[in-house]
Amino acid sequence: MKNTHLTQKIKLPIVLDERGDLVFGESKKHIPFIIKRIFYIFNTKKKDKRGFHAHKKTILALFCISGSAVIKLDNGQNKAGILLSKPNEGVIIPPKIWHSMEDFAPNTIFLCLASELFNENDYLRNYQVFKEYISKCN
């Protein structure tokens, strides 16, 4: 898997301690936007696939805080995959990037930070509609 211009990898600070390690992040400092919504995904199975959509406006920061999975990215012309497996490393997914999460390891937990509140109208859930939308935006 490789990093690509479709997204940027980010690394949050980690504080190592014999009592347990701590990872932290702050809006507009470590996370490049104001966080308006958080959600997490858990209880997935290896064969499960999540996502398969893009956003018109929302920026996401995805972290795999336990386990691992592959993030697949597509801007309508280029495709890439990134393996997330460290709790302090994540990816920023900008608007207009089709994305999915696949190949989940056991006990995987994904933490997702979003720049916008939930709005169904922000979602592009059909790949053909996504392709038409981004061609109009360019």
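Student: Is Cys64 buried or exposed in this one?
Tutor: Buried: this is a predicted model, and in it Cys64 has a relative accessibility of 1%.

Student: OK, and how many disulfides are there?
Tutor: The count comes to 0 disulfides. For Cys64, the nearest cysteine sulfur belongs to Cys112 and sits 9.9 Å away, while a disulfide needs the two sulfurs within 2.5 Å.

Student: What about Cys137, how accessible is that?
Tutor: Cys137 is at 38% relative accessibility, so it counts as partly exposed.

Student: Switching to the inside. Which residues touch the most other members of the largest nonpolar core?
Tutor: Leu62, Ile71, Leu84, Ile93, Met101 and Phe110 do, out of 17 residues in that core. The elements giving two or more residues to this core are β6 (60-66), β7 (69-74), β8 (79-84), β9 (89-93) and β11 (109-114).

Student: Now the surface. Which residues make the nonpolar patch of about 260 Å²?
Tutor: Ile14, Leu16 and Val23 make that patch.

Student: Where is Leu16?
Tutor: Leu16 is in the loop that runs between β2 (14-15) and β3 (22-23). With 65% relative accessibility, Leu16 counts as exposed.

Note on methods
Residues numbered from 1 in each chain as written. Predicted model: local features only at pLDDT ≥ 70, side-chain atom pairs only at ≥ 80, totals over all residues. Heavy atoms only, no water. Buried < 20%, exposed > 50% of the residue type's maximum accessible area, 1.4 Å probe, protein only. Patch = residues over 30% accessible without salt bridge, like charges linked within 9 Å, V, L, I, M, F, W, Y side chains within 5 Å. Areas by Shrake-Rupley, 256 points an atom, 1.4 Å probe, with all protein chains shown as cover. Salt bridge = Lys/Arg side-chain N within 4 Å of Asp/Glu carboxyl O. Helix = DSSP H or I, 4+ residues; strand = E, 2+ residues; numbered from the N terminus. Core = buried A, V, L, I, M, F, W, Y, C linked by side-chain atoms within 4.5 Å.
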